[in-house]
Amino acid sequence: MPLLEVCLVDNSPIKGYLGAVLKKPDVIVWLRTSNQRKVVFQIESAISGQLSASFESREIIKDGIDEFVQQCEQIIKDYPEHDILLDVSGGLQLYALLATEVFKNADKEVTFIDTNHSRIINIKTGEYKTFHFTMTVNEYIALQGVQMDSGTRFDPEIGKRSALSYFIGNNMERVIPFIDKIREEWIDMGDNKKNIQWRMDDPYHRFTIIYESSDNKTRFRFGVTDRQKTLEITKDGPEYLFSGGWLRELAFLRVHRSQYDDVRLNVRLNRDTFPEGIRAESMIDISMMKGCNFYIFQCFSYPVTRESFIELKAVQTTVQLLNAKGFIFMAHRPHRGFIERVHDGGLEVVYGRRLCNFSL
């Protein structure tokens, strides 16, 4: 018999998408609210090239409990020649409970997809099966109805600079004030940069920076007194040092150590594909797809200012728009008010010694 899947729609389209691609039904009936038409469209667009299923959408009436129960009963009557499966991974908890009762009483299978542990749970028996699911960063973003313009999988130069990135991260208390100071000197030069050398005054750690304007080359010498390393960066040295490149690369190195399906650096989103009126951040430092979950890592390399709160708000909006889990990496120790604002937005903040030891 053909398989019919009844799916309670969630504002996060990944759940409906998983229900479809894992079970591969012949027919899908979406139970959705009036505000979830776009979510259904996004799911159908993503799976249309993978399945030959037909779709039907039925609208849930808000606060219409009796009507909802009747809707569930009617679906069973409308498809007598189908095996029927109910997926309660999405939707409001009340409707999930009501639908479960109706379909269980009709001796139909009821499942729930646990996205945090990649498993399908049979509600009737309590048994579960794990599944392996892979999706790229750009595929996930497209599922959210947003277009990704660009993103780097891995730049070998990051590996070459890793020792310096870790040196800065492991010695932030000494190095960051030094970088903040010489950044001002760099900015004061204006557009006509000149040859310059900076040396950090520290009895234990050596950090010397030499910039050669003729070749736009920056040479770094760093480490403890008797074990110093040398690194040369052409063109991008000042950006790496003064614009937070080292922090983004350090975060990328830490994230890259995690078990993941896809990681992208410097992700650029197409603002024209944002919902109207949404002021989200379109430039994401790092994005990662791990199992069924999508992560955003944003780096703040400057001391906290009023602009930091504005940037944080934009990042929080992007996290919500993409149904992601968000982390803020910081070069400077944030004050309590900023930490509270990060947490209020559902994000986590990482700074200090946690940077070089971060793992999911």
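How many salt bridges does a search of the whole structure find? The search finds 18, a salt bridge being a side-chain nitrogen of Lys or Arg within 4 Å of a carboxyl oxygen of Asp or Glu.

The model is predicted: local features need pLDDT of at least 70, side-chain atom pairs count only at pLDDT 80 or more, and totals for chains, interfaces and linings use all residues. Residues are numbered from 1 along each chain as its sequence is written, and side-chain values use heavy atoms, with hydrogens and water left out.

**Salt bridges**

| Pair | Distance |
|---|---|
| K23 and E109 | 3.9 Å |
| R37 and E59 | 3.2 Å |
| D262 and R153 | 2.6 Å |

Helices (H or I, at least four residues) and strands (E, at least two) are DSSP runs, numbered from the N terminus. K23 forms a salt bridge with E109. Because K23 lies in helix 1 (residues 13-23) and E109 in strand 5 (residues 109-114), this pair ties together parts that are 86 residues apart in sequence. Accessibility is classed as buried (under 20% relative accessible area), exposed (over 50%) or partly exposed (in between), with a 1.4 Å probe and protein chains only. K23 is partly exposed at 29%, and E109 is partly exposed at 35%.

R37 and E59 also meet in a salt bridge. R37 is in helix 2 (residues 37-47) and E59 in strand 3 (residues 54-59), 22 residues apart. R37 is partly exposed at 47%, as is E59 at 34%.

The salt bridge of D262 with R153 links strand 13 (residues 262-269) to the loop between strand 8 (148-152) and helix 6 (156-160), across 109 residues. D262 is buried at 3%, whereas R153 is partly exposed at 47%.

A network of salt bridges links E212, K217, R219 and E232.

**Sheet and packed helices**

Strand 14 (residues 283-290) pairs with strand 15 (residues 293-300) in the antiparallel sense over 5 bridges, and I296 in strand 15 is the bridge partner of S287.

Definitions and conventions:
Two strands pair if DSSP finds at least two bridges between them.
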